[in-house]
Each structure stands twice: as structure tokens, then as C-alpha cells.
There are 2 protein chains.
Amino acid sequence: MLTREELIEYSDEARKNYLEHISIDCVVFGFHEGQMKVLLLKNIGEEKWYLPGGFVLKREPIEMAANRILKERTGLDQIFLQQFHVFGDPDRSKVHNDMYDGMLPPEKNWFSGRFLTIGYYALVDFFEVTPQADRFSELCGWRDMDDMPKLELDHELIFKTALDTLRLQLNYQPIGYNLMPKEFTMPELQKLYETILDKKLDRRNFQRRILGFGILNRAEQPRKGGAHKAPYLYSFDLEGYKHALTEGFKGGW
Amino acid sequence: MLTREELIEYSDEARKNYLEHISIDCVVFGFHEGQMKVLLLKNIGEEKWYLPGGFVLKREPIEMAANRILKERTGLDQIFLQQFHVFGDPDRSKVHNDMYDGMLPPEKNWFSGRFLTIGYYALVDFFEVTPQADRFSELCGWRDMDDMPKLELDHELIFKTALDTLRLQLNYQPIGYNLMPKEFTMPELQKLYETILDKKLDRRNFQRRILGFGILNRAEQPRKGGAHKAPYLYSFDLEGYKHALTEGFKGGW
DNA sequence: TCAAAAGTGTTCAGGGTACACCCATGA
DNA sequence: TCATGGGTGTACCCTGAACACTTTTGA
């Protein structure tokens, strides 16, 4: 929580630089040790959790704004980002507003206005991210998707919508290039799908189907050293992958 | 095009009532005589065509704003409306701004600001619509989808994105309840699908597939009076339809 | 040598595709 | 009676789902 002076300073800065009434919130998905992770922020001195978010500069395309915001939180550039919904209930930021209400007259306080928020979700490589808190937060870090705290504002809804969109996307687009390390085994990739969908898939059918998409390259040498039979290593075939991204998997009609 | 006085009046009104930087643009699809139609507006005294659009009242949920805007243009309430994308390029409204540039200082002119626009598409019953021009337009009416004029601003892109989204939607949701009259024949419904997808479908396979979705009721009496064999009349089974809307058609994974 | 992980193959059923045939009706 | 539109049925193939067997490897 900011002091009155900090709030004044922040509000003036924000009003000068950012578009009013607009914010961006990001659901950042990562994958590590068979667990789906989401990047969350925790307020200073409070048990209040938020999705990473920010505002749009006055002359900035919204895609770039989302990129910039995520770069500040993760250190990553050129992230896979997908806009998925605008949340525009007039009361959606009510609680947030309340927090700083009374501290300043509304016309002075950046946070007291109404904000529409544009939801983006991102898929990132867990190992490449260096979570970085912002000035409102004492903590920015990964959280297991099946061990999420209660989120403030409508961030619970934003998260849920992002997850639904991601699941839908699995049906007609490839997923994984941004979530997996360069090389991985088939069971590891399967675990990713199982985690996103929250259900078990058949080993053999998964393999056949995924390979059928033509988006994977198999390395010559299998991984060694582990116990049991050495699994093959795969990497994404960027060309096939991008083609599948634009064309989609199944015909439908 | 407005006069200077009208622009001042409009700007003052707008600034008082609407959220700044935000607009809504709607792609309204209708279907008539085997043709897909789109609702367009033509500027007064110019060959400039636009999608119907508007702004969001300061305390209004965005869904309601889209509904209100469409009601003003079509006379219809409770339309099937689907948010599909936000267009946020800072230069997207440049041309539009230019039109009224110089007439007023920017801080006075509502149109000179940057606008993000939220795209909605609507599916409506052609016969129920009474197109109604707004104060900027001399004409509001249906236009055949394969005979579209050039659209101003980025409305071409917005339209195209809406159509793509609609086509994608055909794969996992039922379409037609909002586009067809109460009762219709199977060939008529097929024509709708063919028009949206812009390709021919097999008569028999279409019928089997559509019926398999369990969203249609067949009337006892076939339509009479036409030449040739009398076709059966169908209507949508609202319960099944809504179930299919929420559940979706195909499993995917 | 055995349990567990991983690679590969086979069978079966259901759905999509491509057909052909029959019926009704007005010109 | 025939061209046309419309309803119904069938054969085939492909794909996805379910399932079994073999190979590798460290304990």
C-alpha cells in the first residue's frame, strides 16, 4: 500500500503517461516439474494476491503494452501473448478503488476511476523467467495452479477465462513451444497437456496424434543417464509449428 | 459531416457521458435470400462506409453498451452478441481524427483522442431489423457480404476478424437460431452454413450431422404450396441449442 | 531378475465422405 | 411425364479409443 505522497506522485505520473480507463491484466502460465504455474503478485504487507497488470502508454499499441508489462515482471521479451477478453463491468475495480479511497479526492486519484481491463495470457518457459515485483508488491512469483490463493478484484474470473481459452486452444492449435525447454521427451510433453486439461491421456494415442501434427523433430540420441529405458528427445519443428499456429489442426466443417 | 457548432455540442455531450478512449464497433450479420448481409452506415454526403459503433456510458457495463448501440441501429433488443477482439493500434482512428482535425483544438474535440475499440459481432433475424441511421449517417442498411464497399478506418480488419471468428465458432457451437426465422427448411439452414463458410456442403451429410446435434425439432406438417416435393419445417430446440452453446460440439482432446 | 518407464503395434467402433435411390409436385 | 427439389439409406475409409507386447535399465 502506498503512502499519500506516493499515491499523489504515482497518480500524477500515471495521468500524464497512460490512457485513462484502460488496464491490462496478464495470466502468465509456466510449467515446471509436472505442475502448471501461474505468475502472481502479493501486495506489500497484505495477504492480497493479484495478476500482473499495468497500463497502456498514450501512444503505445496494446500488444506492446502487454509485452512491456510482462517484460517488467518476467524479464522476458517476445513472449507468446494472446489477447482473450475485455472485462468491462463498471464495478470490477471497486474493491481496488476502495483501498485508496478517501486518501485523495477522486479527480486526483488515478485508481479511483473506472477501468476496463484487457486480458492477455502468456505461455513462457519457466526457467527463463526472473520474477520481479512492482512497487505495490512485496512478492512476485510462481504459484501452482492447483494451489492458488484467492485473487482480488475480478482476477479470479480473468484467470478462469484465460484457462478456459487455453483449453479451447488446445483443440485447434499447437501448444508447448513456449512452455517446454528446447528438448524434451514425449512423456514430458504429455504431462503438459494432461496438466492443462486436468485429465489423463493415453500414452500411445497421445504420441501418435502429436506426431501426426508434424510439429516435432526427434533427436538422434535418446536421453541417457536416467533410470529405465532411455526416452527419445524431441524439439519443436518451428516451421511446422508456425504453420499449425496459423492454419489450425482440424477442419471442422 | 458535422458543422463546427454541432461538433462542439457533440464533443461536450460525449465528454460528459462517455468513457474516453473507448469505443465499440459492431459487425451485425443477417441472412436473407441465401445471402449473408452486414449492417453498414454511410456518412452524410460522402462515399464513406462504417460499421455501426458507439461509446460506453460512464457507469455502463460494456455488454450493455453494445446492446444499446445495436438497439439504436436495429431496433432490436436482447441480440445475440459476442465480444471478439480489441483493436488498439494508436493510429487506428487516424483518418477519422483527420476529418475533424483543425476544426477544433484537440482538447475540445471528442474525436481527436485515441480510441481503443471493442469489437462485437451480432447475429440477427433479417426481418426483425429496422435499420436506423445515426446523426453522422445518411444511410443505415444491409449490404451483401460479397458486395461490400471499402470500409473506413480499420473497419475492414474488424469485419474480417469477426467473420473469421464466426467461422471458427461454427466448429464448436450451433449457429442459426438468431439468423433464421422461427421455422425453416433443412436446405435453407444449409444455405446459411454454406454462405458463412463460403463453400458447398453435401446435402445428406449436412442433414445427418445437424440432426445429430440434437438442436432441431421437426414440425409435423411439411411446408406446402411450393413447387416440387414439400420440405419439412424445422425449428430450433431451445433447450438443446443452449446446451450446445455452453457445452460445445466436439471433444477435441 | 524384476519393476518401471518407454517404444511400437493392433483391433474395433463411430463418424465423416461420397455416393444412389426414391418420392412429390408443378410445368 | 419429366425435370427439379427434397427425403432417406449405404458402403467405405479414416481417425480416435482401448488395449498388449516388447525393450531398456538401474536397483
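The model is predicted.

**DNA strand C**

- There are 19 residues around DNA strand C, and those that come nearest are Arg203(A), Arg204(A), Arg204(B), Asn205(B) and His228(B).
- Sugar and phosphate make up 44% of the atoms of DNA strand C that come within 4 Å of the protein.
- The side chain of Arg204(B) places an N or O atom 2.3 Å from a base nitrogen of DNA strand C.
- For the side chain of Arg208(B), the distance from an N or O atom to a base nitrogen of DNA strand C is 3.2 Å.
- The backbone also takes part: an N or O atom of the Tyr232(A) backbone lies 3.2 Å from a phosphate oxygen of DNA strand C.
- The surface near DNA strand C comprises ten charged, five polar and four nonpolar residues.

**DNA strand D**

- Of the 19 residues around DNA strand D, the nearest are Arg204(A), Arg203(B), Arg204(B), His228(B) and Lys229(B).
- Within 4 Å of the protein, 44% of the atoms of DNA strand D belong to sugar or phosphate, and the rest belong to bases.
- An N or O atom in the side chain of Asn205(A) is 3.0 Å from a base nitrogen of DNA strand D.
- Two residues of chain B approach phosphate oxygens of DNA strand D: Arg218(B) with a polar side-chain atom at 3.4 Å, and Tyr232(B) with a backbone N or O atom at 3.2 Å.
- The surface near DNA strand D has ten charged residues, together with five polar and four nonpolar ones.

**The ends of α6(B)**

- At the start of α6(B), a side-chain oxygen of Asp202(B) comes within 3.0 Å of the backbone nitrogen of Arg204(B).
- Just after α6(B), Gly214(B) adopts a positive phi of about 70°.

**Packing of α4(B) and α5(B)**

- Helix α4 of chain B spans residues 155-170 and helix α5 of chain B spans residues 186-197; their axes come within 10 Å and cross at roughly 130°.
- The two helices, α4(B) and α5(B), are therefore oblique to each other, and their crossing is left-handed.
- On the α4(B) side, Leu166(B), Arg167(B) and Leu170(B) meet Tyr193(B), Ile196(B) and Leu197(B) of α5(B).
- The residues of this contact between α4(B) and α5(B) comprise five nonpolar, no polar and one charged.

Key
Residues are numbered from 1 along each chain as its sequence is written. Chains are lettered from A and ligands numbered from 1 in the order in which they are written. This is a predicted model: local features need pLDDT of at least 70, side-chain atom pairs count only at pLDDT 80 or more; totals for chains, interfaces and linings use all residues. Side-chain values use heavy atoms; hydrogens and water are left out. A residue is near a molecule or strand if one of its heavy atoms lies within 4 Å of it. A polar contact is a pair of N or O atoms within 3.5 Å; within protein, one must be able to donate a hydrogen and the other to accept it, and residues adjacent in sequence count only if both atoms are side-chain atoms. Ala, Val, Leu, Ile, Met, Phe, Trp, Tyr, Cys and Pro count as nonpolar, Asp, Glu, Lys and Arg as charged, and the others, Gly among them, as polar. Axes are lines fitted to C-alpha atoms, for helices over the stretch in contact, and angles run from 0 to 180 degrees between N-to-C directions. Helices (H or I, at least four residues) and strands (E, at least two) are DSSP runs, numbered from the N terminus. Angles under 35 degrees count as roughly parallel, over 145 as roughly antiparallel, 65 to 115 as roughly perpendicular and the rest as oblique. A crossing is left-handed if the near helix is turned anticlockwise from the far one by less than a right angle, and right-handed if clockwise. Contact means heavy atoms within 4.5 Å.
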